[in-house]
Amino acid sequence: MRRFLRNPREHAFRLRQESANLRLLLKPPALPVRSVPPSPLPFLPDPSASAAVLRGTRFASDLTEIADSILRHQFPIFGTMLDTGPEIHWRRDYASGIETGLLYFRKIPYLNAARAGDHKLIWELNRHQHLVLLAQVYRVTGNESYLQEIRAQLESWFTQNPFQRGINWTSALEVAFRALSWLWLQHLVGDLLPDGFRERLYWHGCHLNANLSHYFSPNTHLLGEAVALHALGRMFDEKKWQRTGAAVVDRQARIQIRDDGGYFEQSTYYHVYALDMFLFHALLRPDTPLWRPRLESMEDHLRALLGPARQLAFLGDDDGGRFFHPYGPRPEFACATLATCGVYLNRPFDLGVDDLLPQALWWLGPEAITHPPASAAPELTSRFFPGSGIAILSAGANHAIVDAGPFGPWGSGHSHSDTLSLVVRSGGEEILIDPGAYTYVGPERNEFRGSSAHNTIRIDGRDQGVPVNPFRWSDQPQVEVRRWTTNPEQDFLDAECRYAEFVHRRRLLFVKPDLLLIVDDVAGPGGEHVIEQFWHPGAPVNGSGKCFRIGAETILTLNADGELQDGWRSTAFAGRAPAPVIRALRRTTLPARFAAGLLLNASGASLEIIGSDAVEFRLRRAGSETVYRMAERATQ
């Protein structure tokens with residue numbers, strides 16, 4: 001309550017919100033008597049034409065295979081298969097067996113895993129994106145069993161989730177996701193849905209109108225809710241919903257998209273989320289002039305993150321969901337987003353037809369398939385995004401991302417303690433990875449978002465910020481980029497991270513095309529400190545001491561003895577697998593210096609760091625020797 005009293009506007013907003021919710025609970029509104037168009041999304045293409053394009057394709061076979069598993073009540077969720085059995089319990093966490101009741105939604109302790117289970121696992125099924133897939137496959141095949149399953153699951157959901165009661169009404173964003181799925185059902189098979197469907201969809205709009213997350217989560221939560229509210233306003237001719245949704249999205253476009261096109265929460269996965277949301281909203285509002293430059297900047301940023309392998313590295317949080325079609329290889333989700341942007345913005349791109357089928361075909365129609373590809377792949381060059389603090393080091397098939405940016409805004413709920421960390425890929429091989437997010441609850445939350453889970457430095461066992469709860473950091477670090485230069489021969493980044501009484505300065509020299517040199521300097525108060533430098537290989541690793549081989553061709557050389565340890569990697573939310581970690585450790589007074597070198601093409605070559613505290617790297621290759629010295633400015 002003290003927080004409310006410090007902010008009278010928020011206090012008044014929440015009082016109005018709760019009053020509106022109680023009115024909805026006591027008397028659910030009747031569906032207005034007005035003409036509702038056959039399709040709620042008139043700017044989207046005829047689904048019959050999109051379905052015709054898919055017939056006979058491998059992608060259609062993949063969709064049908066997923067649809068058939070859904071008929072058996074086996075749902076691909078977060079990289080695992082959830083088997084609910086014959087009867088779906090929509091409020092049950094199947095992992096723990098916990099199922100909550102039908103109290104007024106404000107009374108459901110959804111953040112208490114001991115009482116409610118893992119809300120993310122419950123909500124993902126209740127987004128009903130799998131029903132959209134069933135409707136798509138019905139359109140492609142004409143098989144009535146898919147339509148019958150849609151009807152049966154909706155009727156079951158109606159019974160188990162009365163309006164404003166239970167865990168599936170506790171998050172406005174989840175209501176928005178489900179509403180968008182239902183809008184797609186109306187668009188795909190509207191006349192064949194069960195009685196009461198449109199009335200309940202209207203209730204979703206009423207709930208969103210009363211519960212936009214202006215103060216709770218003004219990030220992708222608020223954005224997704226506003227996108228859904230505007231779309232529902234289009235369907236039901238609710239002008240207030242349309243105005244409110246559009247105004248919120250317009251304002252969030254200015255807040256959430258940095259000037260360099262990066263997403264403000266410092267999460268690459270949420271960048272894709274937000275870009276899809278903005279793009280979908282733009283399709284329903286073709287009259288607004290705001291969208292093109294904003295979307296172009298986000299697309300440009302995403303293209304740089306993907307690199308030549310077109311694989312998204314998941315920096316920061318990753319909640320496992322997707323705005324549309326959450327199926328297939330997760331690192332490739334961003335390609336579907338990029339392809340949709342390329343068609344919508346009429347920009348040249350070098351993605352294939354397979355990248356157009358999951359999303360662009362349904363959003364933009366068969367014309368998306370005939371969009372002319374680029375005559376040559378857009379050039380991928382090294383660059384720095386100053387608003388996000390992201391440096392891209394690129395040469396041929398080699399690609400590195402360095403996070404030299406701050407934590408996200410406010411409590412930085414989706415940020416990780418990964419400042420000055422980097423991920424590296426060489427062609428199709430991951431060299432250094434970010435281990436992912438894994439979960440939003442339990443002790444593993446901090447393990448996966450802490451400094452030791454990233455390719456950076458940890459001092460005295462503490463993270464760069466102080467974790468307060470699963471979605472808040474306090475005492476966040478100050479980050480400064482001291483220098484960035486790039487030319488065809490090399491890139492140089494010099495940045496530092498300040499927290500507590502410590503300063504971690506990292507300098508990276510990328511000698512193109514395949515040599516990456518790193519120097520870490522740590523300064524701080526007197527006395528002995530424990531300094532750890534972590535490296536997370538993405539390919540098989542072997543070695544000890546100061547030299548490790550990663551994958552087929554890469555050598556990692558250290559100036560402090562490293563050891564292989566057991567760690568974890570999560571490639572999908574709620575799933576994890578053992579993964580190696582290289583840790584170099586020193587107990588020392590400050591200042592202290594660590595150095596490391598990555599040689600991405602080590603065939604017939606060797607890399608040595610000269611001296612224990614020196615910043616000289618000796619490269620021997622093809623009968624020649626080159627020494628690189630890391631001074632205030634990189635020199636050779």
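Helix H14 is followed by glycine 307, which has a positive phi near 70°. Helices (H or I, at least four residues) and strands (E, at least two) are DSSP runs numbered from the N terminus. The structure is a predicted model, in which local features need pLDDT of at least 70 and side-chain atom pairs count only at pLDDT 80 or more, while totals for chains, interfaces and linings use all residues. Residues are numbered from 1 along each chain as its sequence is written, and side-chain values use heavy atoms, with hydrogens and water left out.

H14 consists of 16 residues and reaches 22 Å from its first C-alpha to its last, close to the 22 Å expected at 1.5 Å a residue. The expected span of a helix is 1.5 Å times one less than its number of residues. The helix is mostly covered, with 12 of its 16 residues buried. Buried means under 20% relative accessible area, exposed means over 50%, and partly exposed lies in between (1.4 Å probe, protein chains only). Among the buried residues of H14 are Trp291, Arg294, Glu299, His301 and Arg303, together with Leu302, Leu305 and Leu306. The buried residues of H14 pack against helix H12 (239-256), helix H13 (268-284) and H15, and also against strands S3 (383-385), S4 (390-395) and S5 (398-403). Contact is taken as heavy atoms within 4.5 Å.

A search of the whole structure finds 37 salt bridges. A salt bridge is a side-chain nitrogen of Lys or Arg within 4 Å of a carboxyl oxygen of Asp or Glu. Arginine 127 takes part in a salt bridge with glutamate 174 at 2.8 Å, N to O. This pair links distant parts of the chain, 47 residues apart: arginine 127 lies in the loop between H6 and H7, and glutamate 174 in helix H9 (residues 172-189). Arginine 127 counts as buried because its relative accessible area is 1%, and glutamate 174 is likewise buried, at 5% relative accessibility. The side chain of arginine 127 also meets that of glutamate 124 in a salt bridge of 3.7 Å, N to O, and both arginine 127 and glutamate 124 are buried.

Aspartate 317 and arginine 445 form another salt bridge, with the closest N and O atoms 2.7 Å apart. Here too the pair links distant parts of the chain, with aspartate 317 in the loop between helix H14 (291-306) and helix H15 (333-344) and arginine 445 in helix H18 (residues 444-449), 128 residues apart. Aspartate 317 has 0% relative accessibility and therefore counts as buried; arginine 445, at 2%, also counts as buried. Salt bridges with shared partners join Lys120, Glu124, Arg127, Glu174 and Asp319 into one network.

Histidine 128 is found in the loop between helix H6 (119-126) and helix H7 (129-141). Its relative accessibility is 0%, so histidine 128 counts as buried. The side chains of histidine 128 and tryptophan 182 are joined by a polar contact of 2.9 Å. A polar contact is a pair of N or O atoms within 3.5 Å; within protein, one must be able to donate a hydrogen and the other to accept it, and residues adjacent in sequence count only if both atoms are side-chain atoms. Not counting residues up to four places away in sequence, histidine 128 touches Trp90, Leu154, Trp157, Arg178, Ser181 and Trp182.

Aspartate 93 lies in the loop between strand S2 (80-83) and helix H5 (113-116). Aspartate 93 is buried yet has no salt bridge, and the nearest side chain of opposite charge, arginine 92, is 8.8 Å away. For charge, Lys and Arg count as positive and Asp and Glu as negative; His and the chain ends are not counted. The side chain of aspartate 93 makes a polar contact of 2.8 Å with that of serine 96. Residues touched by aspartate 93, leaving out those up to four places away in sequence, are Ile98, Ala116, Gly117, Asp118, Leu121 and Ile122.

Strand S12 (residues 490-499) is largely enclosed by the rest of the structure, because 8 of its 10 residues are buried. S12 runs antiparallel to strand S11 (residues 478-486), to which 8 bridges join it. Two strands pair if DSSP finds at least two bridges between them. Threonine 485 has phenylalanine 492 in S12 as its bridge partner, and a hairpin joins S11 to S12 through 3 residues. S12 also pairs with strand S13 (residues 502-511) in the antiparallel sense, over 10 bridges. The bridge partner of leucine 493 in S13 is leucine 508. The hairpin of S12 and S13 has 2 residues between the strands, and alanine 500 in the turn has a positive phi of about 50°.
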